[in-house]
Amino acid sequence: MEWQTDWGLRGRMALTMFLLFALYIVFLGVLVVAFENLALIVVVMGLFLGAQFFFSDKLALYSMGARTVEPEEYPELHRTVDRLAQQADLPKPKVAVADSRVPNAFATGRSKDSSAVCVTTGIMDTLDQDELEGVLAHELAHIKNRDVMVMTIASFLSTIAFLIVRWGWLFSGGRERGGQQVPVIVAILISLVVWVISFLLIRTLSRYREYAADRGGAMITGKPAALANALMKIDGQMDKVPKEDMRDQAEMNAFFIIPIDVGWIGRLASTHPSTEKRIDRLQDLERELESR
């Protein structure tokens with residue numbers, strides 16, 4: 001496998017994390033001024049971050065109703081993941097399956113040694129072996145690029161701001177400063193601004209990381225066309241899946257190989273570039289490999 005480090009992705013991940021942490025230092029300063037129960041907020045935030053960081057793989061699988069499967073249950077799937085992981089020079093991740101008609105897949109975990117790759121029964125029914133290998137290699141590329149961990153941390157920071165927007169009114173009415181009360185509503189409004197900025201930064205990074213994983217997955221298998229065909233098939237099958245099934249899983253959009261577009265939530269800010277653009281890039285890569 002000819003693996004090339006994507007410095008564009010690494011630079012974007014570093015810049016995104018720097019901007020988010022700078023933003024949240026200011027945000028924490030606002031909370032110090034606005035809330036009397038700051039210690040409680042910090043403890044809750046710390047516990048939440050620790051739980052999300054150390055148990056991100058289990059939480060993601062649980063949210064999808066997925067379960068880790070043994071080689072005896074899905075021997076061909078395990079053989080494929082094992083071989084692709086060796087080609088990608090990665091430890092074999094845990095293999096999980098979600099019983100869902102939605103044709104999709106995702107990778108999760110805080111590191112290469114604590115990662116998991118999950119596929120739905122819908123995607124296994126939709127794709128042939130070469131196409132499924134392309135999808136699995138795409139997910140392994142996410143793990144190799146370490147962007148799953150960055151997205152997990154970035155999503156946590158955004159979630160904290162959103163929770164304060166929604167539930168900040170529960171924490172005291174503010175503290176006195178020279179006879180003037182600092183209203184919690186100010187902190188809530190600032191939290192809203194922080195959440196919007198975080199949201200846009202994460203979406204921008206998310207779109208680029210899909211291009212990087214497409215290229216990385218294609219380099220692992222050496223078959224860009226197989227992944228392109230898989231993307232076309234998955235995208236085409238989405239319209240046939242009942243909307244109720246997709247609404248239950250839309251919160252995992254940033255981690256799926258193809259996003260779920262359900263109403264305004266799906267269109268608000270895309271986590272992925274368009275399937276057409278991704279296929280165009282894979283076709284360019286196919287021509288580049290053929291010319292070597």
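## Strand pairing

Strands S1 (residues 66-68) and S2 run antiparallel and are joined by three bridges; strands here are DSSP E runs of at least two residues, helices are H or I runs of at least four, and both are numbered from the N terminus. Two strands pair if DSSP finds at least two bridges between them. Within this pairing, Ala 66 stands opposite Ala 98 in S2.

The model is predicted: local features need pLDDT of at least 70 and side-chain atom pairs pLDDT 80 or more, while totals for chains, interfaces and linings use all residues. Residues are numbered from 1 along each chain as its sequence is written, and side-chain values use heavy atoms, without hydrogens and water.

S2 also runs parallel to strand S4 (residues 116-120), with five bridges between them, and Ala 98 stands opposite Thr 120 in S4. Four of the five residues of S2 (residues 94-98) are buried, where buried means under 20% relative accessible area, exposed over 50% and partly exposed in between (1.4 Å probe, protein chains only).

## Helix H6

Helix H6 spans residues 129-145. Because 15 of its 17 residues are buried, H6 is largely enclosed by the rest of the structure. Arg 146, which follows H6, has a positive phi near 65°.

## Aromatic pairs

Two aromatic pairs are counted, with ring centres of Phe, Tyr or Trp (its six-membered ring) within 6.5 Å; planes under 30 degrees apart count as stacked, over 60 as edge-to-face and the rest as tilted. The rings of Phe 106 and Phe 256 have centres 6.0 Å apart and planes at 65°, so this pair is edge-to-face. Phe 106 lies in strand S3 and Phe 256 in the loop between helices H10 and H11, 150 residues apart.

Key
Expected span 1.5 Å × (residues − 1).
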